[in-house]
Structures are given as structure tokens and as C-alpha cells.
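Here is a walk through one protein chain, from its overall make-up to a few single residues. Please keep the sequence and the model side by side while reading.

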Amino acid sequence: MDIVLDSVKVMVLGMGTVFVVLIGLVFIIKALHRLTDKSASKAEQVFEPAQKSDAVNNAVQLQERVEEDEELVAVIAAAVAASLHRSTHDIVVRSIKRVPAITPIWNRVGRQEQIVTRL
């Protein structure tokens, strides 16, 4: 009976230690998250006034974006046509929506490596 009680004490002590360490890790991760959010928001605040202050650069950038969008539509239509084995005349691109990059960096790097190895 003593062996069972001793093993239960060891189990409770071990589980308690694990929970204390996990709670400590949660606080450390939250603190790091707050630190990285502050640095990201400061960078955005510094970057935004620079964009708004130069109207000429905005007009040039807007014109470049329109040209890039036309090229992007052509490239996407060609890719879709190639994958469907159809002509580009059969495909109409009505809109293109960029998906924000929320995937982790290791995932994006892995995809890029796969694309490079296939080329």
C-alpha cells in the first residue's frame, strides 16, 4: 500500500511541475507576442506618413500598379488556360483578389523550394 501512495505522490508532484512550467511558458509567449506587436505597429506608423506625404510618388505607383495588374491578369489567364488545356480566348478573368500571407515562413520557403526543384 505504501508503494501505491508513494507512486501517487510522485505522479502528483510530476504533473504539478509540468503545469507550473507550462503556465510559465504561456506568460513568456504572451510577453514576447506583446513585444513583437509593439515593434510592428511602430514600423507601420513610421511608414504611413511617408507614403501620404508624397503625392507625386503615389500617382506614379498607381500607374505602375495598373500596368502590373494587366500583366498579372495576362499571366493568370495563361496559367489557367495551360492547366485546363484551353485557349486563353475561352477564359475571362473578372477579378483578382490577393490573399494575405498568413502562412508561416517555413511553409512559404517549402513551397518555393518545391517550385524551384520542378523547374
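A residue counts as buried when its relative accessible area is under 20%, and as exposed when that area is over 50%. The model discussed here is predicted. Of the 119 residues in the protein chain, 3% count as buried. The accessible surface of the protein chain is about 11,200 Å², and carbon and sulfur atoms account for 65% of that surface.

The secondary structure can be listed briefly. The protein chain contains three helices and zero strands, and its pattern along the sequence reads α-α-α. Helix H2 spans residues 55-84, and helix H3 spans 105-118.

Charge on the surface comes next. A patch of negative charge is formed there by Glu64, Glu67, Glu68, Asp69, Glu70 and Glu71. One of these residues, Glu71, is part of helix H2. Glu71 has a relative accessible area of 54%; because the cut-off for exposed is over 50%, Glu71 counts as exposed.

The last stop is the loop between H2 and H3, where His85 is located. Most residues other than glycine have a negative phi. His85 is also exposed, with a relative accessible area of 74%.

Note on methods. Residues are numbered from 1 along each chain as its sequence is written. This is a predicted model: local features need pLDDT of at least 70, side-chain atom pairs count only at pLDDT 80 or more; totals for chains, interfaces and linings use all residues. Side-chain values use heavy atoms; hydrogens and water are left out. Patches are made of residues with over 30% relative accessible area and no salt bridge: like charges are joined within 9 Å, nonpolar side chains (Val, Leu, Ile, Met, Phe, Trp, Tyr) within 5 Å. Accessible areas come from the Shrake-Rupley method with a 1.4 Å probe; for residues, only the protein chains shown count as cover. A salt bridge is a side-chain nitrogen of Lys or Arg within 4 Å of a carboxyl oxygen of Asp or Glu. Lys and Arg count as positive and Asp and Glu as negative; His and the chain ends are not counted. The place of a charge is taken as NZ of Lys, CZ of Arg, CG of Asp or CD of Glu. Helices (H or I, at least four residues) and strands (E, at least two) are DSSP runs, numbered from the N terminus. Buried means under 20% relative accessible area, exposed over 50%, partly exposed in between (1.4 Å probe, protein chains only).
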